[in-house]
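Subject: Structure handover

Dear colleague,

I am passing on the structure below, together with some notes on what turned up when it was examined. Please read the notes with the coordinates open beside them.

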Amino acid sequence: MRSFQDKLSELESRGIRVVALSVDTPEISRRHRLKQHFTYTFLSDPKAEVIQRYDLLHAGAGPKGTDIARPAEFLIDSTGIIRWVNLTENIAVRARPEQVLEAFDEMESGAAR
Amino acid sequence: MKRSWNWSLWIGFLFALAGFLSYTFFTRFPITRDFPWANFLLFGVGGIFLLVGLVRAFGKPQRYRGKIVGPILAALGVLVFGFFSYLIFYELRQLPSSTGAPRVGERTPEFTLPDQDNNQVSLTDLLSAPASSASTAKAKAALLIFYRGFW
């Protein structure tokens with residue numbers, strides 16, 4: 001998540017809106033954002049309803065056995081169609097901004113054709 | 001004759017310990033993050049030093065110390081290595097398969113959720129607003145990052 005903040009100006013200047021989503025409450029997200037100097041939007045899904053609808057629930061993996069989201073990244077075009085997905089097999093290995101920019105470039109060149 | 005200190009054992013053990021403790025350090029760099037080869041390299045070097053130390057302790061006991069501390073350090077080193085491998089190859093990979101997750105080419109399921117300031121934000125809002133406050137043009141795409149949370 002830090003890597004996306006570091007590359008945020010490049011992502012935003014290309015027209016990519018960056019949004020994070022987890023079970024954290026708005027209050028926790030707000031504090032975390034301030035502490036870590038994150039400037040992109042953090043959405044809050046405490047009951048994991050959206051997370052479940054996306055089949056990204058990691059049951060019992062949170063504090064005291066609560067349900068949380070498994071890491072996943074989606075690149076969505078302006079019409080709402082998913083153009084790139086990253087479902088990691090390892091909690092420690094997340095998508096990098098370079099991968100997203102590459103997928104975005106591919107999407108753009110496809111749209112121009 | 002006084003037997004000399006078997007430093008190889010201690011160096012080996014320190015390398016094994018470093019292999020474990022440096023994990024979060026190496027995850028900061030793209031080249032060492034996805035597969036922790038740098039950590040395994042440290043474990044490997046540690047193993048060689050420990051082996052040399054053991055050979056000295058048992059092969060030349062009149063010259064080197066370490067017959068008692070050697071096996072203890074070696075066992076601890078193996079234990080640390082085993083625990084590290086368990087975390088890397090098993091624990092971190094315990095993820096749901098998410099076979100029902102939206103795929104490339106599909107429409108993203110719509111949602112409305114509160115942001116960090118309790119404003120209700122929908123996916124449509126995200127896609128119809130500019131990518132940043134510095135811009136006036138509509139966003140070309142949205143990157144949706146699901147994360148485990150900071151609780």
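A residue is called partly exposed here when its relative accessible area lies between the 20% under which it would be buried and the 50% over which it would be exposed. By that rule Asp34(B), with a relative accessible area of 31%, is partly exposed, whereas Arg33(B), at 15%, counts as buried. Please keep in mind throughout that this is a predicted model.

Asp34(B) takes part in two of the contacts listed here: the side chains of Arg33(B) and Asp34(B) meet in a salt bridge at 3.7 Å, N to O, and Asp34(B) also forms a salt bridge with Arg96(A), where the closest N and O atoms are 2.8 Å apart. The count of salt bridges between chain A and chain B is two, and another pair that crosses between the chains is Lys140(B) with Glu108(A), with 3.5 Å between the closest N and O atoms. In that pair Lys140(B) sits in the loop between α6 (123-128) and β3 of chain B, while Glu108(A) belongs to helix α5 (residues 97-112) of chain A. Lys140(B) is partly exposed at 40% relative accessibility, and Glu108(A) is likewise partly exposed, at 27%.

Turning to the interface as a whole, chain A contributes 67 residues and chain B 53 residues to the contact, and the two chains bury about 5,800 Å² between them, 61% of it on carbon and sulfur atoms. Of the area that chain A buries against chain B, Arg17(A), Tyr54(A) and Ile76(A) supply 12%, more than any other three residues. There are also 30 residue pairs in polar contact across the interface, both residues being at pLDDT 80 or more. Strand β5 (residues 72-77) of chain A runs antiparallel to strand β3 (residues 141-146) of chain B and is joined to it by six bridges, with Ala72(A) standing opposite Phe146(B).

As for chain A itself, it has five helices and six strands, and 53% of its 113 residues count as buried. Within helix α3 (residues 26-36), Arg30(A) and Glu27(A) lie three residues apart, about one turn of the helix, and they form a salt bridge whose closest N and O atoms are 3.3 Å apart. Arg30(A) is partly exposed, at 32%, as is Glu27(A), at 40%. Over all chains, a search of the whole structure finds nine salt bridges.

Best regards

Note on methods: Residues are numbered from 1 along each chain as its sequence is written. Chains are lettered from A and ligands numbered from 1 in the order in which they are written. This is a predicted model: local features need pLDDT of at least 70, side-chain atom pairs count only at pLDDT 80 or more; totals for chains, interfaces and linings use all residues. Side-chain values use heavy atoms; hydrogens and water are left out. Contact means heavy atoms within 4.5 Å. Buried area is the accessible area (1.4 Å probe) that two parts lose on being put together, summed over both. A salt bridge is a side-chain nitrogen of Lys or Arg within 4 Å of a carboxyl oxygen of Asp or Glu. A polar contact is a pair of N or O atoms within 3.5 Å; within protein, one must be able to donate a hydrogen and the other to accept it, and residues adjacent in sequence count only if both atoms are side-chain atoms. Two strands pair if DSSP finds at least two bridges between them. Helices (H or I, at least four residues) and strands (E, at least two) are DSSP runs, numbered from the N terminus. Buried means under 20% relative accessible area, exposed over 50%, partly exposed in between (1.4 Å probe, protein chains only).
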